[in-house]
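I opened this notebook page to record what I looked up, entry by entry, with confidence and charged pairs as the topics.

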Amino acid sequence: MAKLLVSQPSCIFAVIIFVLLVFSVGLLVFVLKGQLHHENSMERVAVHTEGSTPPVPSPETALPDNQADAAGHTSQPEETPWLDFRLPKSVIPVHYDLLLYPDLDTDTFLGSVNISLNVTAATKHFVVHAYRLSIRQVRVSDIRQKTLVVEKHFVYSPHEYFVVTMEEKVKPGPYELKFEFSGTLNGTIIGFYESRYKNSKNETRYLATSKFQPTYARRAFPCFDEPSFKSTFSVALVHDEGHVALSNMPGKATEPYSDDSRFFVTRFQKSVPMVTYLVCFIVSDFQFLGTTTSSGKQKNRDLINMYRIGRCYFARQAAALL
C-alpha cells in the first residue's frame, strides 16, 4: 500500500480552514436563531394589539414644527384647508386683473393682482398658491367693494400656499382678493425670469419672460395654480420706451405709467378662459415683424431679435400665403 505523505504546512493550513468553517457555521446558527426569536416576539405583540382597544387620539393634535411656525398656533383648528394638497373647490377664481413691472437693472419685479372669486360655501380661509414671492399687502372685499377684516395671513411652505384667514366666515357669493407683491427674476428659467442674448456688437441684452407649465405661475403672482380652475385674464406690463411687451392677447393700449412717467404700461385684451400655466408674457427690445393677408387681416405678428430680423423675411412672405 502506498503511503500518503502530507507536509506539515499543509496540515496547518487544513486545520485553519476547519476552524474557520466551524466558526462560520456557529455564527450563522446564532444569527438565524436571533432573527427567529425577534419574529416570534413581533407576532406576540401583533396578537396582543389586535385583541386590545386601540388608543383614542387626543382632541388637539400637535402640528409639525414648520406648520406651527407658519400658522401661528400649536394645535390644529377645526378647519385647516391648507393641509390638503389640493385647493378647496368651494372658492373659484373667475377673473384676474394682473399688472407686472419687471426691473431688468435690479433683476426684480413688482406686481399686483386682483382676483374675482365665486365662493360657493361659507369659509373663513382663502388659500392660493404663491412661491418665492414677498406679499406686502392683502385685501379682501365683497361685491359692494366693502373691505372685509383679515385676521391674519401666513405661508404654508409644504404645499406652496399663501393662506388668508378672515375674522369672520364669509357667506357664499362674489368677492375680490387683491395682493401686492414682489419677486426676483434671476436664479431659474421657470416662472417669471430674466433671459439674455448677445447682439451684433457682442453686448449682452436682457429681457424678462415667462414659463409657467406645469405649476410655475405661482412664482410670478398669487393664483389658483391648478388645471381644474379656468379663468379669464387681463394682463398689463410695465416697460421703458426701448422695450416692448407681449402677452397672450392683442395689445389694447400703451400709455404712460401713472406711478413713473419715465415708463409705459401696455394693457392687453381680456383673454378667453384658460388655466394659469397658459398665461405668458415677455418684455424685450425685440422688434415686430408681421404680414398682412390680401383681405387686410394682420397675420403672424412675431417678435424677432432685431439683429436677426433680416433672416425672417422669407418666412414672413411664405406665411402670408398659407
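I then looked for its partner and found that the side chain of Arg-267 meets that of Glu-255 in a salt bridge, at 3.0 Å from N to O. Since Arg-267 lies in strand S14 and Glu-255 in strand S13, the pair ties together parts that are 12 residues apart in sequence. Glu-255 is likewise listed as partly exposed, at 33% relative accessibility. Opposite Arg-267 in S14 stands Ala-253.

**Confidence**

I remind myself that this is a predicted model. The chain averages a pLDDT of 81, and 71% of the residues score at least 70. Over residues 38-78, however, the pLDDT is below 50, and this stretch has 25 contacts in the model beyond near neighbours in sequence. A further stretch, residues 303-307, also stays under 50, with 19 contacts beyond four places in sequence. Where pLDDT is low, the predicted coordinates should not be read in detail.

**Other salt bridges**

How many salt bridges does the structure hold? I find 10. One of them joins Lys-124 and Glu-151, whose closest N and O atoms are 3.5 Å apart. This pair links distant parts of the chain, with Lys-124 in strand S3 (residues 123-129) and Glu-151 in strand S6 (residues 150-156), 27 residues apart. Lys-124 is partly exposed at 25% relative accessibility, and Glu-151 is partly exposed at 44%.

I next checked Asp-285 and Arg-205, whose side chains meet in a salt bridge at 3.0 Å, N to O. Asp-285 lies in the loop between strands S15 (281-284) and S16 (287-292) and Arg-205 in strand S10 (residues 204-211), so the pair ties together parts that are 80 residues apart in sequence. Is Asp-285 buried or exposed? I record Asp-285 as buried, because its relative accessible area is 8%, whereas Arg-205 is partly exposed at 31%.

**Helix H1**

Last, I looked at a nonpolar surface patch of about 490 Å², made by Ile-12, Phe-13, Ile-16, Ile-17 and Leu-20. Ile-16 sits in helix H1 (residues 8-50) and counts as partly exposed, at 44% relative accessibility.

Definitions and conventions:
Residues are numbered from 1 along each chain as its sequence is written. Side-chain values use heavy atoms; hydrogens and water are left out. Patches are made of residues with over 30% relative accessible area and no salt bridge: like charges are joined within 9 Å, nonpolar side chains (Val, Leu, Ile, Met, Phe, Trp, Tyr) within 5 Å. Accessible areas come from the Shrake-Rupley method with a 1.4 Å probe; for residues, only the protein chains shown count as cover. A salt bridge is a side-chain nitrogen of Lys or Arg within 4 Å of a carboxyl oxygen of Asp or Glu. Helices (H or I, at least four residues) and strands (E, at least two) are DSSP runs, numbered from the N terminus. Buried means under 20% relative accessible area, exposed over 50%, partly exposed in between (1.4 Å probe, protein chains only). pLDDT is the predictor's confidence in each residue, from 0 to 100. Contact means heavy atoms within 4.5 Å. Two strands pair if DSSP finds at least two bridges between them.
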